[in-house]
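I wanted to look up a few things in this chain before doing anything else with it, and I kept notes as I went along.

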Amino acid sequence: MNEQAKTRAQQVGRAAKPGEGITIRKCCTLQEFHTCVELQREIWDEKDLELEPSTMFVVASISGGQVLGAFDGEKLVGFTLAVAGVRQGAAYLHSHQTGVTAAYRDRGVGRMLKLFQREEALARGIRLVEWTFDPLEMKNAHFNLNRLGAICRRYLPNLYGVTTSPLHRGIETDRLVAEWQLDSPRVIAAIQDLAPAAVDAPAKIEVPGEAELWKQDAQKTQTVQARVRDEFTKWFARGYAAIGVRREGNEAAYLLAPWSDF
(Lines give C-alpha, C1' and ligand atoms only; values in the text may rest on other atoms or scores of the structure.)
Protein backbone atom coordinates (compact mmCIF):
# COMPACT_ATOMS: atom_id res chain seq x y z
CA MET A 1 0.00 0.00 0.00
CA ASN A 2 1.50 3.35 -1.02
CA GLU A 3 1.66 6.25 1.43
CA GLN A 4 -1.26 8.12 -0.14
CA ALA A 5 -3.53 5.07 -0.03
CA LYS A 6 -2.41 4.33 3.52
CA THR A 7 -3.28 7.86 4.60
CA ARG A 8 -6.73 7.60 3.04
CA ALA A 9 -7.34 4.28 4.79
CA GLN A 10 -6.32 5.76 8.12
CA GLN A 11 -8.65 8.70 7.58
CA VAL A 12 -11.59 6.44 6.76
CA GLY A 13 -10.89 4.11 9.68
CA ARG A 14 -10.51 6.66 12.44
CA ALA A 15 -13.44 8.04 14.43
CA ALA A 16 -14.40 11.64 13.90
CA LYS A 17 -13.17 13.97 16.60
CA PRO A 18 -15.73 16.12 18.47
CA GLY A 19 -16.52 19.18 16.40
CA GLU A 20 -14.38 18.05 13.47
CA GLY A 21 -15.19 19.98 10.32
CA ILE A 22 -17.29 22.54 12.22
CA THR A 23 -16.44 26.24 12.24
CA ILE A 24 -17.97 28.89 14.50
CA ARG A 25 -18.42 32.48 13.36
CA LYS A 26 -20.80 35.40 13.61
CA CYS A 27 -23.91 35.37 11.46
CA CYS A 28 -24.11 38.64 9.56
CA THR A 29 -26.53 38.41 6.64
CA LEU A 30 -30.32 38.38 6.42
CA GLN A 31 -30.19 34.96 4.80
CA GLU A 32 -28.19 33.60 7.74
CA PHE A 33 -30.70 35.09 10.18
CA HIS A 34 -33.57 33.49 8.24
CA THR A 35 -31.74 30.17 8.40
CA CYS A 36 -31.39 30.56 12.18
CA VAL A 37 -35.17 30.92 12.38
CA GLU A 38 -35.69 27.75 10.35
CA LEU A 39 -33.24 25.87 12.55
CA GLN A 40 -35.03 27.20 15.62
CA ARG A 41 -38.31 25.89 14.20
CA GLU A 42 -36.76 22.46 13.65
CA ILE A 43 -35.18 22.21 17.12
CA TRP A 44 -37.98 23.53 19.34
CA ASP A 45 -40.96 22.74 17.07
CA GLU A 46 -42.98 25.66 18.46
CA LYS A 47 -45.89 27.46 16.87
CA ASP A 48 -44.97 30.51 14.80
CA LEU A 49 -46.21 32.92 17.47
CA GLU A 50 -43.55 31.65 19.88
CA LEU A 51 -40.64 31.67 17.43
CA GLU A 52 -38.10 34.46 17.55
CA PRO A 53 -38.43 36.22 14.16
CA SER A 54 -35.50 37.07 11.94
CA THR A 55 -35.88 40.72 12.98
CA MET A 56 -34.92 39.70 16.53
CA PHE A 57 -31.68 38.24 15.20
CA VAL A 58 -31.04 41.46 13.28
CA VAL A 59 -31.61 43.58 16.39
CA ALA A 60 -29.33 41.40 18.51
CA SER A 61 -26.55 41.61 15.93
CA ILE A 62 -26.57 45.44 15.77
CA SER A 63 -27.23 46.27 19.42
CA GLY A 64 -24.34 44.58 21.21
CA GLY A 65 -25.78 41.07 21.35
CA GLN A 66 -24.58 38.00 19.50
CA VAL A 67 -25.79 35.81 16.66
CA LEU A 68 -23.27 32.99 16.36
CA GLY A 69 -23.45 30.13 13.91
CA ALA A 70 -21.92 26.65 13.78
CA PHE A 71 -21.25 25.71 10.17
CA ASP A 72 -20.40 22.45 8.45
CA GLY A 73 -19.06 23.97 5.27
CA GLU A 74 -21.83 26.36 4.25
CA LYS A 75 -24.53 24.49 6.18
CA LEU A 76 -25.76 26.02 9.44
CA VAL A 77 -26.03 23.23 12.02
CA GLY A 78 -26.31 25.24 15.25
CA PHE A 79 -26.63 28.78 16.53
CA THR A 80 -26.57 31.00 19.59
CA LEU A 81 -28.73 34.10 20.05
CA ALA A 82 -27.79 36.50 22.87
CA VAL A 83 -29.04 39.96 23.75
CA ALA A 84 -27.20 42.74 25.57
CA GLY A 85 -28.19 43.74 29.09
CA VAL A 86 -27.00 45.51 32.21
CA ARG A 87 -26.46 43.71 35.52
CA GLN A 88 -25.39 45.71 38.59
CA GLY A 89 -24.19 48.57 36.43
CA ALA A 90 -22.10 46.40 34.09
CA ALA A 91 -22.81 45.15 30.59
CA TYR A 92 -23.58 41.45 30.27
CA LEU A 93 -25.11 39.08 27.73
CA HIS A 94 -28.29 37.09 28.17
CA SER A 95 -27.91 34.02 25.98
CA HIS A 96 -31.51 33.36 24.99
CA GLN A 97 -31.08 30.37 22.67
CA THR A 98 -28.42 27.84 21.82
CA GLY A 99 -29.53 24.98 19.61
CA VAL A 100 -27.92 22.28 17.50
CA THR A 101 -29.70 20.25 14.84
CA ALA A 102 -30.30 16.61 15.81
CA ALA A 103 -27.75 15.06 13.43
CA TYR A 104 -24.93 17.12 14.97
CA ARG A 105 -25.66 16.66 18.68
CA ASP A 106 -23.18 14.96 21.02
CA ARG A 107 -20.34 16.09 18.78
CA GLY A 108 -19.15 19.03 20.89
CA VAL A 109 -20.88 21.65 18.75
CA GLY A 110 -22.74 23.22 21.67
CA ARG A 111 -19.52 23.59 23.64
CA MET A 112 -17.79 25.13 20.64
CA LEU A 113 -20.57 27.72 20.41
CA LYS A 114 -20.30 28.55 24.12
CA LEU A 115 -16.50 28.86 24.03
CA PHE A 116 -16.67 31.14 21.00
CA GLN A 117 -19.35 33.15 22.81
CA ARG A 118 -17.00 33.54 25.77
CA GLU A 119 -14.05 34.67 23.66
CA GLU A 120 -16.13 37.16 21.69
CA ALA A 121 -17.64 38.62 24.87
CA LEU A 122 -14.29 38.95 26.66
CA ALA A 123 -12.82 40.68 23.60
CA ARG A 124 -15.44 43.40 24.16
CA GLY A 125 -14.84 43.66 27.91
CA ILE A 126 -17.98 41.69 28.84
CA ARG A 127 -17.31 39.36 31.77
CA LEU A 128 -20.72 37.82 32.44
CA VAL A 129 -23.07 35.69 30.34
CA GLU A 130 -26.34 34.33 31.72
CA TRP A 131 -28.94 31.94 30.33
CA THR A 132 -31.81 29.84 31.60
CA PHE A 133 -32.39 26.08 31.48
CA ASP A 134 -34.89 23.49 32.66
CA PRO A 135 -33.88 22.19 36.14
CA LEU A 136 -35.14 18.70 35.21
CA GLU A 137 -32.85 18.40 32.17
CA MET A 138 -29.85 16.96 33.96
CA LYS A 139 -27.74 16.56 30.84
CA ASN A 140 -27.93 20.31 30.31
CA ALA A 141 -27.28 20.91 34.00
CA HIS A 142 -24.10 18.80 33.86
CA PHE A 143 -22.94 20.68 30.77
CA ASN A 144 -23.64 24.11 32.27
CA LEU A 145 -22.23 23.58 35.77
CA ASN A 146 -19.59 20.89 35.41
CA ARG A 147 -18.32 21.42 31.88
CA LEU A 148 -18.61 25.22 31.61
CA GLY A 149 -18.22 26.22 35.28
CA ALA A 150 -21.44 28.22 35.58
CA ILE A 151 -23.33 28.46 38.87
CA CYS A 152 -27.02 29.00 39.66
CA ARG A 153 -28.48 31.26 42.37
CA ARG A 154 -31.90 32.12 40.94
CA TYR A 155 -34.98 30.01 40.19
CA LEU A 156 -37.67 31.50 37.95
CA PRO A 157 -41.04 29.69 38.07
CA ASN A 158 -42.97 29.37 34.80
CA LEU A 159 -40.77 31.94 33.10
CA TYR A 160 -42.15 31.55 29.57
CA GLY A 161 -45.57 30.19 30.44
CA VAL A 162 -46.81 26.89 29.01
CA THR A 163 -45.53 26.76 25.42
CA THR A 164 -46.36 24.68 22.36
CA SER A 165 -42.90 23.09 22.17
CA PRO A 166 -42.86 19.31 22.76
CA LEU A 167 -39.52 19.84 24.53
CA HIS A 168 -41.37 21.66 27.33
CA ARG A 169 -43.67 18.68 28.02
CA GLY A 170 -46.81 20.82 28.31
CA ILE A 171 -45.91 21.87 31.87
CA GLU A 172 -44.88 25.18 33.41
CA THR A 173 -41.49 26.42 32.20
CA ASP A 174 -39.55 26.67 35.45
CA ARG A 175 -35.98 27.76 34.83
CA LEU A 176 -32.66 28.00 36.64
CA VAL A 177 -30.46 30.97 35.74
CA ALA A 178 -26.91 29.99 34.83
CA GLU A 179 -24.31 32.64 35.73
CA TRP A 180 -21.12 32.29 33.68
CA GLN A 181 -18.41 34.58 35.05
CA LEU A 182 -16.16 34.33 32.02
CA ASP A 183 -12.75 35.07 33.51
CA SER A 184 -13.21 33.51 36.94
CA PRO A 185 -10.78 30.76 38.08
CA ARG A 186 -13.74 28.37 38.32
CA VAL A 187 -14.72 28.86 34.69
CA ILE A 188 -11.14 28.75 33.41
CA ALA A 189 -10.56 25.44 35.21
CA ALA A 190 -13.81 23.98 33.85
CA ILE A 191 -13.26 24.87 30.20
CA GLN A 192 -9.68 23.57 30.38
CA ASP A 193 -10.96 20.29 31.86
CA LEU A 194 -8.97 20.91 35.03
CA ALA A 195 -11.86 21.11 37.50
CA PRO A 196 -12.25 18.16 39.88
CA ALA A 197 -15.30 15.97 39.42
CA ALA A 198 -18.34 17.07 41.43
CA VAL A 199 -18.58 14.65 44.36
CA ASP A 200 -20.13 16.25 47.43
CA ALA A 201 -21.31 19.55 48.89
CA PRO A 202 -23.03 20.88 52.01
CA ALA A 203 -26.47 20.47 50.40
CA LYS A 204 -27.98 18.61 47.48
CA ILE A 205 -31.22 18.45 45.51
CA GLU A 206 -31.98 15.06 44.02
CA VAL A 207 -33.63 14.67 40.63
CA PRO A 208 -34.61 11.22 39.31
CA GLY A 209 -32.29 10.34 36.46
CA GLU A 210 -35.21 9.23 34.32
CA ALA A 211 -36.98 12.61 34.66
CA GLU A 212 -35.65 13.61 31.23
CA LEU A 213 -37.59 10.69 29.73
CA TRP A 214 -40.99 11.54 31.21
CA LYS A 215 -42.04 13.50 28.15
CA GLN A 216 -45.56 12.06 28.08
CA ASP A 217 -46.30 11.90 31.82
CA ALA A 218 -47.07 15.49 32.77
CA GLN A 219 -48.48 14.64 36.19
CA LYS A 220 -45.39 12.69 37.24
CA THR A 221 -43.13 15.43 35.95
CA GLN A 222 -45.10 18.18 37.70
CA THR A 223 -44.79 16.37 41.04
CA VAL A 224 -41.01 16.33 40.77
CA GLN A 225 -40.97 19.89 39.44
CA ALA A 226 -42.93 21.18 42.46
CA ARG A 227 -40.52 19.52 44.92
CA VAL A 228 -37.44 20.75 43.06
CA ARG A 229 -38.90 24.27 42.91
CA ASP A 230 -39.47 24.33 46.68
CA GLU A 231 -35.99 23.01 47.48
CA PHE A 232 -34.17 25.44 45.20
CA THR A 233 -36.21 28.35 46.54
CA LYS A 234 -35.30 27.38 50.10
CA TRP A 235 -31.58 26.97 49.51
CA PHE A 236 -31.22 30.06 47.33
CA ALA A 237 -32.92 32.13 50.04
CA ARG A 238 -30.17 30.97 52.40
CA GLY A 239 -27.40 32.23 50.10
CA TYR A 240 -26.52 28.87 48.54
CA ALA A 241 -25.66 28.30 44.88
CA ALA A 242 -25.83 25.23 42.69
CA ILE A 243 -22.18 24.54 41.87
CA GLY A 244 -22.22 21.12 40.26
CA VAL A 245 -24.11 18.00 39.28
CA ARG A 246 -23.41 14.47 40.45
CA ARG A 247 -24.75 11.54 38.43
CA GLU A 248 -24.66 7.93 39.59
CA GLY A 249 -26.53 5.36 37.54
CA ASN A 250 -30.15 6.43 37.25
CA GLU A 251 -29.87 9.03 40.01
CA ALA A 252 -28.68 12.63 39.76
CA ALA A 253 -28.33 15.51 42.19
CA TYR A 254 -27.49 19.19 42.18
CA LEU A 255 -24.71 20.05 44.64
CA LEU A 256 -25.10 23.33 46.52
CA ALA A 257 -22.81 25.43 48.71
CA PRO A 258 -22.83 28.94 50.23
CA TRP A 259 -21.77 31.45 47.57
CA SER A 260 -21.04 35.17 47.66
CA ASP A 261 -18.05 35.56 45.34
CA PHE A 262 -19.94 37.47 42.62
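This is a predicted model: local features need pLDDT of at least 70, side-chain atom pairs count only at pLDDT 80 or more; totals for chains, interfaces and linings use all residues.

Entry 1, the chain. Of the 262 residues, 46% are buried, and the chain exposes about 13500 Å², of which carbon and sulfur atoms supply 53%. I also looked at contacts with a separation of 6 or more, and residues 24 or more positions apart account for 68% of them.

Which residues of H3 are buried? In this helix, which spans residues 54–62, I find Ser54, Phe57 and Ala60; they lie on the same side of H3, because the arc they cover around the axis is only 120 degrees. An α-helix has 3.6 residues a turn, so residues three or four places apart point the same way. The face turned away from that buried side carries the exposed residues Thr55 and Ile62. As for what covers the buried residues, I noted helix H2 (30–44) together with strands S2 (66–72), S3 (75–87) and S4 (90–100), among others that may be included. After H3 comes glycine 64, with a positive phi near 95 degrees.

At least two lining residues each come from H2, S4, helix H4 (109–123), strand S5 (128–133) and helix H5 (138–147). Sorted by class, I have the lining down as 11 nonpolar, 13 polar and 16 charged residues.

Note on methods
Residues are numbered from 1 along each chain as its sequence is written. Side-chain values use heavy atoms; hydrogens and water are left out. Buried means under 20% relative accessible area, exposed over 50%, partly exposed in between (1.4 Å probe, protein chains only). Helices (H or I, at least four residues) and strands (E, at least two) are DSSP runs, numbered from the N terminus. The arc is that of the directions from the helix axis to the C-beta atoms. Contact means heavy atoms within 4.5 Å. Accessible areas come from the Shrake-Rupley method with a 1.4 Å probe; for residues, only the protein chains shown count as cover. Ala, Val, Leu, Ile, Met, Phe, Trp, Tyr, Cys and Pro count as nonpolar, Asp, Glu, Lys and Arg as charged, and the others, Gly among them, as polar.
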